[in-house]
Amino acid sequence: MSSLRIERLCSRDLLAVVGNGGFDVSDPADAQFGWSLSAPVAVEAGWAVIREDDASRSFLEQSFLLPAAATELQFDLESLALDRSTAQPPDTFEIALLDANTLQPIVPTLDGIPDADAFASFDADDRVYLGTQTSIPGVTSSGDIATITFPLTVSLDLSAITEDVQALLVFELLGFGAANAEVTLDDVRFDGDLPPQLTLEIDSADDSGVVGDGITNQTTITARGNGAPGQTVSLDLDGDGFDDGTVTVDSSGEFRFENVVLTDQLDVRVRADNAFGSTIIERRFRFDDQAPVAQLATPLRESVVFSDLGYVDVRWDEVVSGIDVSTVDVQDISISGVTVDRAEQLNEGIVRYHYADDGDALPYGPIRVELVDRAIADLAG
């Protein structure tokens with residue numbers, strides 16, 4: 001049994017209660033993703049899947065503002081596959097709720113385990129440890145060898161927390177044997193008298209390139225989000241108050257603001273209120289219709305060279321969204337007298353195009369490097 005230790009804090013902005021708790025957003029680059037994670041942890045098909053890493057520690061974590069009004073934290077444990085090796089300690093899955101600034105536990109930790117940070121722990125030998133405020137179906141006492149059935153709901157009583165706290169929720173898989181352990185989670189949620197929960201993004205039909213990055217090549221978009229059915233949501237497009245539109249969240253939990261115009265970049269804010277407070281979500285949406293611009297980096301344009309490097313470097317500049325590296329290939333450029341054999345991505349947008357792999361060499365005299373029109377795309381599509 002190993003007590004959980006935290007090595008770093010999540011770098012994302014603090015959210016009001018946990019964001020993306022249903023794991024509907026799967027792209028870690030999406031501003032709505034919410035979580036920090038280690039490889040090979042991933043969000044797949046609406047679940048968080050924590051797989052064992054060769055480095056022995058895999059984690060999923062999030063920093064957020066935990067309001068005093070929250071009475072309970074719950075999450076669903078869909079499946080749990082841990083390994084027990086006779087030569088190693090058993091694999092362990094642990095969950096902790098810490099103060100994000102001090103990294104000290106803010107709820108009772110594992111009963112019977114000194115210096116533990118976690119409030120719940122599952123071992124590969126079917127032993128389950130609990131804090132005094134944690135409940136798991138089929139487990140009556142901390143340290144029991146339990147027969148449990150999945151899926152199950154883990155519940156943590158938060159009623160003893162009497163003031164708002166910046167919290168860090170950590171799910172951690174500690175693997176000691178073969179790297180074959182896997183945990184599947186869903187629906188991390190809070191209960192209590194809480195302010196409204198909202199999300200905001202460009203509708204996928206208008207979000208060109210990388211979905212969820214807030215950058216599009218469309219001048220008119222639909223801003224959409226999720227909230228509680230029946231909730232009123234107000235819109236602010238110019239920073240002078242939430243007077244640019246009002247909609248009601250539909251029965252499926254979705255709201256939409258149509259015909260939002262982008263000329264360059266726009267800070268879009270939405271607000272919802274209930275008896276327990278207000279929630280404001282702000283996203284910056286950016287318009288980008290410029291293709292990447294290229295310039296010869298090595299050798300310099302119009303320069304005279306006396307040795308054949310076997311390659312040329314081209315710098316692809318894209319200020320707003322960056323280039324789409326998946327579109328980089330040998331078809332991007334042509335070089336007189338030789339054939340490009342491979343394209344190597346360097347740093348700062350530079351791509352090195354090798355032509356000497358098959359023995360080609362530049363002819364004497366002027367050399368022409370031509371860029372193929374729109375061969376490389378940017379992330380705005």
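A residue counts as exposed when its relative accessible area is over 50%. The notes below concern a predicted model.

1. **Ala45, backbone.** Look at phi here. The value is near 55°, which is positive, and Ala45 is a residue other than glycine. Ala45 sits in the loop between strand 3 and strand 4 (47–51).

2. **Ala45, accessibility.** Is Ala45 buried or exposed? Its relative accessibility is 82%, so Ala45 counts as exposed. The cut-off to hold against that value is over 50%.

3. **Glu302, backbone.** Glu302 also calls for a check of phi. Phi is near 65°, again positive in a residue other than glycine. The residue belongs to the loop between strand 23 (293–298) and strand 24 (311–317).

4. **Glu302, accessibility.** Why is Glu302 classed as exposed? Because its relative accessible area is 67%, and the class begins over 50%.

5. **Ala39 to Pro40.** Turn now to the peptide bonds. The bond from Ala39 to Pro40 is cis, and its omega is near 0°. Pro40 is placed in the loop between strand 2 (36–37) and strand 3 (42–44).

6. **Phe150 to Pro151.** What kind of peptide bond joins Phe150 and Pro151? It is a cis bond, with omega about 0°. Where is Pro151? Pro151 lies in the loop between strand 11 (144–145) and strand 12 (152–157).

7. **Around strand 3.** Two of these points flank one element. Pro40 is in the loop between strand 2 and strand 3. Ala45 is in the loop between strand 3 and strand 4. When viewing this part of the model, take the cis bond from Ala39 to Pro40 together with the positive phi of Ala45.

Terms used: Residues numbered from 1 in each chain as written. Predicted model: local features only at pLDDT ≥ 70, side-chain atom pairs only at ≥ 80, totals over all residues. Heavy atoms only, no water. Helix = DSSP H or I, 4+ residues; strand = E, 2+ residues; numbered from the N terminus. Buried < 20%, exposed > 50% of the residue type's maximum accessible area, 1.4 Å probe, protein only.
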